[in-house]
Structure formats: structure tokens, C-alpha cells
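Here are my notes for your first look at this structure. Please keep the view open as you read, and follow the points in order.

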Amino acid sequence: MRKWKVELSTGQTFTMESDDPGRALIGKGYTSFSLSEIVPPPPVPPEAHVSTEGRLTLSVAEAAKELGICTKNVYTLTHRADFPTVRIGQRVRISRAGLAEWVRAQEQNRAGA
């Protein structure tokens, strides 16, 4: 069942729920009216599902989650010269694109060994 805002030619407005509002209004004797559907706002996704796809860098915790390892191991990786870290002040950030390239390079090194 959909919700509608009904405006009569007299200026009176009201809401109604119906799958066929025109037929329902004509059946009640109304001959001149306008209809506009009241659409509920889309549901807001929970914070846990907010995408971070647009960000250029990841925190150590986010990188650990992406790699499926613990944060301690990611901190150890940040000391490697080939690991894509960015230092901003005292914060350690990991390049999202660089991380993907680093993983591909690790796969190729493993396949070539």
C-alpha cells in the first residue's frame, strides 16, 4: 500500500493510503483533485557499513583488516622499505593503491621463487 497527498480543487489537503488512489477518490465522489506520492526517505546504513572506498589512505587497523592480519604485523611491515607507508606527523597511514600493488608484488615474488 502506497501513501498519497491529495489536494482538492477547494484547496483542502489530506493524506491517504491506497494502491489505486484515483479510483478510491472517485468512488468517494471527488471529481477534481491532484495526487502526489509520499515517498519515505531511504534507510540510513549503519556506520559499520559506511564505505571507505574514496579515501586514499588506510589506518594501520584498516590495513590489518584488509590484509586479514593483526595490527602488530602491519606495524612491523611499516618498517619495510617496500611497504607503502605515508607518515603524516606521527601517524602512520598506508596507501590504498600502494597496498594493492604491494600485495600483487608479493604474489609475483612468491610465484617466481
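**Notes for a first reading**

1. Let's start with burial: 22% of the chain's 113 residues count as buried (under 20% relative accessible area with a 1.4 Å probe and protein chains only, while exposed is over 50% and partly exposed lies in between). Please bear in mind that this is a predicted model, where local features need pLDDT of at least 70, side-chain atom pairs count only at pLDDT 80 or more, and totals for chains, interfaces and linings use all residues. Residues are numbered from 1 along each chain as its sequence is written, and side-chain values use heavy atoms, with hydrogens and water left out.

2. Next, the overall layout. The chain has 4 helices and 6 strands, where helices (H or I, at least four residues) and strands (E, at least two) are DSSP runs numbered from the N terminus. Their order along the sequence is β-β-α-β-β-α-α-β-β-α. The chain is more spread out than a compact globule, because its radius of gyration is 29 Å, well over the 13 Å that the globule rule gives for 113 residues. That radius is taken over C-alpha atoms, and the rule is 2.2 Å times the number of residues to the power 0.38. Along the principal axes, the C-alpha atoms fill a box of roughly 80 × 35 × 20 Å.

3. Now for contacts and surface. Contact here means heavy atoms within 4.5 Å; among contacts between residues at least 6 apart in sequence, 38% join residues at least 24 apart.

4. How many aromatic pairs does a search of the whole structure find? There are 2, counting rings of Phe, Tyr and Trp (its six-membered ring) whose centres lie within 6.5 Å, with planes under 30 degrees apart called stacked, over 60 edge-to-face and the rest tilted. Phe-14 and Tyr-30 make a tilted pair, 6.1 Å centre to centre with 40° between the planes. Phe-14 sits in strand β2 (residues 13-18) and Tyr-30 in the loop between α1 (21-27) and β3 (33-38), so this pair ties together parts that are 16 residues apart in sequence. Phe-14 is partly exposed at 25% relative accessible area, and Tyr-30 is partly exposed at 30%.

5. The other pair to view is Phe-83 with Trp-102, which is edge-to-face because the ring centres are 4.9 Å apart and the planes stand at 85°. Phe-83 lies in the loop between α3 (71-77) and β5 (85-88) and Trp-102 in helix α4 (residues 96-112), so parts 19 residues apart in sequence are tied together. Are these residues buried or exposed? Both Phe-83 and Trp-102 are buried.

6. Do look at Arg-93, in strand β6 (residues 91-95). Arg-93 counts as buried because its relative accessibility is 15%. Beyond its neighbours within four places in sequence, Arg-93 is in contact with several residues, including Arg-55, Glu-62, Pro-84 and Ile-88. Trp-4 is 89 residues away from Arg-93 along the chain, and their C-alpha atoms are separated by 50 Å.

7. Leu-67 belongs to helix α2 (residues 60-67) and is partly exposed, at 26% relative accessibility. Which residues does Leu-67 contact, leaving aside its neighbours within four places in sequence? They are Val-74, Leu-77, Leu-99 and Val-103. Between the C-alpha atoms of Leu-67 and Ile-88, 21 residues apart along the chain, the separation is 22 Å.

8. Finally, visit Ala-24 in helix α1, which counts as partly exposed at 26% relative accessibility. Apart from neighbours within four places in sequence, Ala-24 is in contact with Met-16 and Ser-18.
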